[in-house]
Amino acid sequence: MDLVNSLNDRLLFAVPKKGRLHQVCLDLLHGSDIQFHRHSRLDIALVKNLPLALVFLPAADIPTFVGEGRVDLGITGRDQVEEHECAVPPTATTGVVEVLDLDFGKCDLQVQVPQKGDLAKPEDLIGKNVVTSFTNLAEQYFRKLEAEQSGHTNGEVAKDAKLKTTIKYVGGSVEAACALGVADGIVDLVESGETMRAAGLKAISTVVSSSAILIKSKHPSDPKLVDLITARIKGVITAQKYVLCTYNIERSKLDIAKQITPGNRAPTVTSLEEAGWVAISVMVLRKKIALVMDELTAAGACDILVSKIENSRTHD
Ligand SMILES: Nc1ncnc2c1ncn2[C@@H]1O[C@H](COP(=O)(O)OP(=O)(O)OP(=O)(O)O)[C@@H](O)[C@H]1O
Ligand SMILES: O=P(O)(O)OC[C@H]1O[C@H](OP(=O)(O)OP(=O)(O)O)[C@H](O)[C@@H]1O
């Protein structure tokens, strides 16, 4: 089969080929019933049940391909989009459009320095060596700091060489740079903080807060298919974020029940055979369900059941 020609009539969707976002994206595609078979070593996979092809790319390259309109849709981190846009500002036709926050891959791009030592604030790194994989965001951050330090509030670059911070690129294991004497500080991603603490570092400032996002090009080849895929992905994300809670409560307590579980639009209320009682069925944020169950019990609700939502289509 001529793979390149078979891409002609297909929407192209870029997915991280490795790293932290890879497996979660595969699970998301599975949940969205996007069926494909990826041959080993091939970075393109044709989707069997939709006019779509998946392109497996490094997360850092996805904003470039989508931004130039070569690929229609993509999943990557917001940090990667901002890093790209620092170097290649969007125009009327290029650049990416954020479609959906996917609620995973949450992390912060932070300025970090050795726990032991006299560096305590980002200004202390001015004129020193900083190592990062995010050179554009780090440059932008330190140039602004340098300008403020030298009294150039309009963002003009500092002329004094002592005020010029050196930003060096490394592709991974950034946290080793201080211990190896290559850097005074680093700019790297932090989620749990374990990597940072294990390297004897502490965070002193946040450059960007990130999560995984669905992005599209400014003029996708098939906007209707983009909407369909977006709706499917959103359905899976919502299903993961919420649980379905059902319970019985006396009708006289309906107001308090609605306050505790207002639902997405409104709770579904059904009369029970037993006079004066209703059954309520409502979506609740997964992370709040224990608290909600405590409050419902205190309000007199009984037979509280919580179930997983397999998939969903809800309004905003
Ligand atoms: N610890 C983390 N927790 C949550 N999200 C993260 C974390 N590290 C990275 N990410 C997100 O995943 C994206 C890709 O980073 P990652 O380092 O996994 O990719 P990679 O460099 O392509 O892969 P690898 O590091 O395996 O070579 C980042 O831009 C960020 O949005
Ligand atoms: O705060 P934590 O939960 O410890 O996560 C942060 C680490 O995760 C990422 O690296 P990853 O493990 O993906 O590998 P990499 O260093 O090769 O990019 C990031 O670059 C940090 O090193």
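Me: What makes up the shell around ligand 2, by nonpolar, polar and charged residues?

Reply: This is a predicted model. The shell around ligand 2 divides into three nonpolar, six polar and five charged residues. Gly counts as polar and Glu as charged.

Me: Which residues are the closest to ligand 2?

Reply: Gly-172, Glu-191, Ser-192, Glu-194 and Thr-195 are the closest, in a shell of 14 residues. A residue belongs there if its C-beta atom, placed from the backbone, lies within 6 Å of the molecule.

Me: Which elements supply at least two residues each to that shell?

Reply: Strand 9 (185-190) and helix 6 (194-198) do.

Me: What surrounds ligand 1?

Reply: 16 residues surround ligand 1. The closest are Gly-19, Arg-20, Ala-59, Gly-77 and Glu-191. By class, the shell has five nonpolar, six polar and five charged residues.

Me: Which domains does the shell around ligand 1 draw on?

Reply: Domain 1 (3-105 + 211-239) and domain 2 (108-209) each give at least three residues. The chain also has domain 3 (242-308). The C-alpha centres of domain 1 and domain 3 lie 38 Å apart.

Me: Why are strand 2 and strand 5 placed at the edges of their sheet?

Reply: Start with the order. Six strands form an open sheet, 2-3-1-4-11-5, with mixed pairing. Strand 2 (44-46) and strand 5 (96-101) each have a single partner strand, so one side of each is left without a neighbour in the sheet. Neighbouring strands of this sheet are turned by 30° against each other on average, direction ignored.

Me: How do you know that strand 4 and strand 11 pair?

Reply: Pairing takes at least two bridges. Strand 4 (residues 73-77) and strand 11 (residues 212-217) have five, in the antiparallel sense. The two strands therefore meet the cut-off. One bridge sets Thr-76 against Ile-213 in strand 11.

Me: What lies across strand 4, strand 5 and strand 11?

Reply: Helix 3 (residues 78-87) does, running at about 100° to strand 4. Helix 3 also lies across strand 6, strand 9 and strand 10, at about 80° to strand 10.

Me: Why do strand 8 and strand 10 count as edges?

Reply: Their sheet is open, has five strands in the order 8-7-9-6-10, and its pairing is mixed. Strand 8 (166-169) and strand 10 (201-210) each have a single partner strand, so one side of each lacks a neighbour in the sheet. The twist averages 30° from one strand to the next.

Me: What makes strand 6 and strand 9 a pair?

Reply: The cut-off is at least two bridges. Five bridges join strand 6 (residues 107-114) to strand 9, and the strands run antiparallel. So the pairing holds. Asp-108 has Val-190 in strand 9 as its bridge partner.

Me: Which strands does helix 4 lie across?

Reply: Helix 4 (residues 135-149) lies across strand 6, strand 7 (129-132), strand 8, strand 9 and strand 10. Its angle to strand 8 is about 170°.

Me: What is placed at residues 239-311?

Reply: UniProt, in an unreviewed entry, places "domain: Histidine biosynthesis HisG C-terminal" there. Over residues 239-311 the chain is 27% helix and 40% strand. The end C-alpha atoms are 5 Å apart.

Me: How do you know that strand 12 pairs with strand 14?

Reply: Again, at least two bridges are needed. Strand 12 (residues 242-250) and strand 14 (residues 277-285) have nine, in the antiparallel sense. They therefore count as paired. Asn-248 stands opposite Ala-279 in strand 14.

Me: How many bridges join strand 12 to strand 15?

Reply: Five, and the strands run antiparallel. Strand 15 covers residues 302-308. There, Lys-308 stands opposite Val-243.

Terms used
Residues numbered from 1 in each chain as written. Chains lettered and ligands numbered in written order. Predicted model: local features only at pLDDT ≥ 70, side-chain atom pairs only at ≥ 80, totals over all residues. UniProt positions renumbered as here; feature names shortened; annotations may be inferred. Helix = DSSP H or I, 4+ residues; strand = E, 2+ residues; numbered from the N terminus. Domains from an automatic or database assignment. Axes fitted to C-alpha atoms, helices over the stretch in contact; angles between N-to-C directions. Contact = placed C-beta atoms within 7 Å.
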